Amino acid sequence: MSRRVLVVGSGGREHALAWSARKSPLVEEVFTAPGNAGTPHAVGIAADDVSGLIDLCEHERIDLVLIGPEVSLAAGLVDALNVAGIAAFGPTRAAAELEWSKSFTRRFCERHAIPSPMFAAFTTAQPAIEWIDAFGRAVVVKAAGLAAGKGVIVPEGRTATVDAVRTLVASGEIVVEERLDGEEVSLMAFSDGRTVIAMPPAQDHKRIGEGDTGPNTGGMGAYAPTPACPSELVKQLVVDILQPTIDAMRAEGRPYVGVLYAGLMLTANGPKVLEFNCRFGDPEAQAILPLLQTDLIDVVDACLRGRLNHIDIVWRDEIACAVVAAAPGYPDSPAVGATIRGLSDEERPATLLFHGATRAQGTDVVTSGGRVLSCVGVATDLVDARARAYRLLNTIEFPGKQVRRDIGWRALARTTGGYVGAGVDIDAGNRAVSLMTAAVEGTHGPAVLRGIGAFGGVFDMAALSSYQEPVLVASTDGVGTKVMVATEAGRPGGVGADIVNHCVNDVLVQRARPLFFLDYIASARLDPDHVAAIVISMAGACRAAGCALLGGETAEMPGVYHEGHFDIAGTLVGVAEKQRLLPRDDIRAGDVLVGLASNGAHTNGYSLLRRVFAGLPLDAQPAPLERPLGDTLLEPHRSYLPVLANLLDTELVKALVHITGGGLPENLPRVLPAGCGAVIHVGSWPVPPLFRLVTAVSALSIEELHRTLNMGVGMVVVCAAGDIDAVQELIDEATWVIGEITEQPGVVLA
């Protein structure tokens with residue numbers, strides 16, 4: 001039978017539903033109410049005008065209604081349609097209380113042991129404030145009723161929490177919940193009241209700002225499926241959360257038919273329910289419906305007939321990314337009435353455009369609310385899907401357009417595959433050193449005291465009269481792919497200090513003081529301003545280290561470097577007393593490791609960091625960063641010469657270890673005698689915000705992170721256990737005992 005379908009609602013979700021319904025061979029005509037400038041047969045009847053919608057259905061002979069927004073469900077539209085004998089896809093008002101009353105939902109979950117945060121509900125401010133003070137931990141404050149996705153405040157600090165309580169309670173009941181940490185995912189499922197079939201898990205981006213900052217919105221973009229929720233976890237979530245919810249609703253006399261949306265937090269203690277919605281999410285629907293291969297109308301019919309277990313729902317083996325363009329002033333006070341340019345009815349390969357807050361005005365289309373459009377890209381991987389969505393979005397303009405440029409950035413961070421996946425293989429580098437060692441050592445004469453595998457070459461030279469037995473200590477290095485971050489940020493100067501300080505630290509660990517530095521700068525095309533900025537930065541670092549910048553080489557190499565990109569390297573030569581060279585030969589089990597703080601990633605691990613943050617603009621500031629991402633990544637590598645100068649005048653130090661490529665596990669063995677190893681006590685020092693963020697979003701193991709990044713420790717002092725107090729007293733900054741030398745070879749992270 002040919003169907004006449006009404007889609008209720010006016011947003012991007014409803015346009016996606018109408019688009020899906022129109023594809024069905026079972027459908028004769030699709031209407032939308034109230035609809036928007038992109039939906040078919042838009043009829044200006046509000047989504048909560050129950051009597052008006054019933055009249056419309058009777059007049060247009062509608063035999064199936066697909067309900068998009070929560071206000072329609074809360075208004076009892078499904079109940080009224082059922083009385084009128086019109087098929088409606090969505091839960092009754094009683095079943096939809098899961099969404100329109102957050103206090104009901106929390107008590108429901110409590111009754112049925114569905115994993116959820118601790119909570120309390122209030123109708124006045126003072127009891128809520130007293131509960132929060134007694135609770136003693138961070139909370140989230142929510143309006144108990146419907147708030148179009150914006151009735152949630154995540155406050156920082158007591159003052160902001162009290163303000164949030166007073167603001168929301170002025171409009172009615174509130175729910176205060178413990179704040180959960182972890183990855184947030186959206187898992188929607190079809191239900192016929194008994195059977196539950198999950199859709200691909202999605203990840204929404206609720207905050208208005210990049211890096212998940214700023215106030216909550218209805219959603220600024222989404223992608224599906226998300227790697228944060230693999231298929232085995234989806235199956236477990238159906239068993240532990242979705243199916244028990246449907247069973248409990250039926251047991252309470254509220255059989256649930258429609259789409260159940262679970263907003264979940266994947267915490268260290270297991271998944272927990274942040275919220276339930278009783279319909280397709282927006283913008284999740286815009287990302288998920290394009291992946292549905294099975295006819296949506298067939299799925300809806302199976303749900304309405306209680307035969308969902310008889311249908312095989314098939315999804316495309318692809319990824320969809322939806323990016324929202326919002327009006328200026330959203331979410332607080334969106335400006336409306338702006339003309340939208342660049343809209344087209346032309347078919348675009350692998351992209352879809354869904355209208356949201358739009359309306360026709362003569363021959364123009366203008367903005368009519370907050371979330372104006374959703375641009376969707378579909379591809380075999382998120383990188384391509386995301387690029388397609390943004391390309392489409394960039395062709396459409398209206399004044400003050402707000403767009404998050406980082407949709408999917410957490411998923412991109414999870415797919416780095418470690419340092420090897422980022423293009424750097426530490427083990428392969430170690431094998432290369434092993435293969436070349438014999439050849440390199442074959443060139444060494446008696447004057448070479450340190451060679452391959454040390455932090456720098458050492459050459460015996462007795463010509464320095466102020467030294468009894470002077471030796472030269474040399475280090476040559478670069479700053480790796482940190483130059484790519486500097487290029488992208490348009491801030492090349494700071495890497496000049498990076499290269500000098502890196503080399504200063506490499507000779508310092510052998511108790512050498514710097515003498516002079518030579519630099520090398522190469523690019524496809526030399527930019528005099530950039531070269532000057534780099535050299536000035538080098539000169540400043542040299543002055544601070546007490547060494548001369550003798551100058552070096554610049555080279556133009558078109559075809560070797562990409563246009564606008566560059567590389568730098570340098571060689572530093574220092575001098576030390578032969579008898580006082582480090583490491584000493586009396587390192588033994590029981591000696592301790594004292595860690596000094598790094599001030600950032602220094603000059604190592606940037607191939608991984610660039611992959612982790614590939615989806616995030618450099619001016620974004622996701623928590624827990626204390627300044628924008630670009631500033632954090634481009635903090636110059638610190639020199640440890642000033643803080644270690646007094647200590648190195650004593651005999652308390654047995655060895656120094658500069659934590660560079662390979663992290664603590666790969667660098668500590670470079671100073672240890674045969675038969676010795678070390679234990680590192682992870683957690684014995686404060687981890688800086690950058691590394692906490694990488695740990696949270698990359699899904700990499702602790703071992704991989706410590707082999708790639710310094711994780712907050714940039715230099716290690718090896719000393720006798722009895723000298724700890726004396727060593728720490730001579731270092732004018734906070735230090736930490738982070739481990740000890742053992743009799744077992746290798747470095748263990750404990």
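Rings of Phe, Tyr and Trp (its six-membered ring) pair if their centres lie within 6.5 Å; planes under 30 degrees apart count as stacked, over 60 as edge-to-face and the rest as tilted. This is a predicted model, where local features need pLDDT of at least 70, side-chain atom pairs count only at pLDDT 80 or more, and totals for chains, interfaces and linings use all residues. Residues are numbered from 1 along each chain as its sequence is written, and side-chain values use heavy atoms, leaving out hydrogens and water.

**Exercise 1.** Find the cluster that ring pairs build from Phe122 and its partners.

*Solution.* Start at Phe122: ring pairs join it with Trp131 and Phe135 in a cluster.

**Exercise 2.** Classify the ring pair of Phe190 and Phe280.

*Solution.* The structure has six aromatic pairs. In this one the ring centres are 6.1 Å apart and the planes of Phe190 and Phe280 meet at 80°, so it's edge-to-face.

**Exercise 3.** Work out whether Ser186 is buried or exposed, and find its polar partner.

*Solution.* Buried means under 20% relative accessible area, exposed over 50%, partly exposed in between (1.4 Å probe, protein chains only). Ser186 has 5% relative accessibility, so it's buried. Its side chain makes a polar contact with the side chain of Glu284 at 2.9 Å. (That's a pair of N or O atoms within 3.5 Å; within protein, one must be able to donate a hydrogen and the other to accept it, and residues adjacent in sequence count only if both atoms are side-chain atoms.)
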